[in-house]
Amino acid sequence: HPDTPAKPPWNRVVEPALGVVDKVRDAVTGRQTYLSDLDDPPRG
């Protein structure tokens with residue numbers, strides 16, 4: 001989400017809300033995210 005605010009306090013409000021919206025959209029559309037889809041997969 002490149003247009004989201006980067007400075008507090010709005011980033012603390014907007015980012016979690018967008019995360020919920022993204023997860024709901026993915027669940028409704030059946031979209032799955034795989035580690036290979038990410039630019040830099042987390043290392044663990």
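Visitor: What do buried and exposed mean here?

Guide: Buried means under 20% relative accessible area, and exposed means over 50%. Keep in mind that this is a predicted model.

Visitor: Which residues does the face of α1 turned away from its buried side carry?

Guide: That face carries Arg12, Val20, Ala27 and Val28, which are exposed.

Visitor: Why is Val28 called exposed?

Guide: Its relative accessibility is 67%, and the cut-off for exposed is over 50%. Val28 therefore counts as exposed. You will find Val28 in helix α1.

Visitor: Which residues of α1 are buried?

Guide: They are Asn11, Asp22 and Asp26.

Visitor: How do you know that the buried residues line one face of the helix?

Guide: Look down the axis of α1: the buried residues fall within an arc of 30 degrees, so they line one face.

Visitor: How do you know that the span of α1 agrees with what it should be?

Guide: Helix α1 has 20 residues, 10-29, and at 1.5 Å a residue these should span 28 Å. The C-alpha atoms at its ends are 28 Å apart, so the two agree.

Visitor: What makes up the nonpolar patch on the surface?

Guide: Val20, Val24 and Val28 form it, and together they have about 290 Å² of accessible area. In general, an α-helix has 3.6 residues a turn, so residues three or four places apart point the same way.

Visitor: What is found just after α1, and what in the segment before it?

Guide: Just after α1, Gly30 has a positive phi of about 80 degrees. The segment before α1 holds Pro9, and the peptide bond from Pro8 to Pro9 is cis, with omega near 5 degrees.

How values were computed
Residues numbered from 1 in each chain as written. Predicted model: local features only at pLDDT ≥ 70, side-chain atom pairs only at ≥ 80, totals over all residues. Heavy atoms only, no water. Helix = DSSP H or I, 4+ residues; strand = E, 2+ residues; numbered from the N terminus. Expected span 1.5 Å × (residues − 1). Buried < 20%, exposed > 50% of the residue type's maximum accessible area, 1.4 Å probe, protein only. Arc of directions from axis to C-beta. Patch = residues over 30% accessible without salt bridge, like charges linked within 9 Å, V, L, I, M, F, W, Y side chains within 5 Å. Areas by Shrake-Rupley, 256 points an atom, 1.4 Å probe, with all protein chains shown as cover. Salt bridge = Lys/Arg side-chain N within 4 Å of Asp/Glu carboxyl O.
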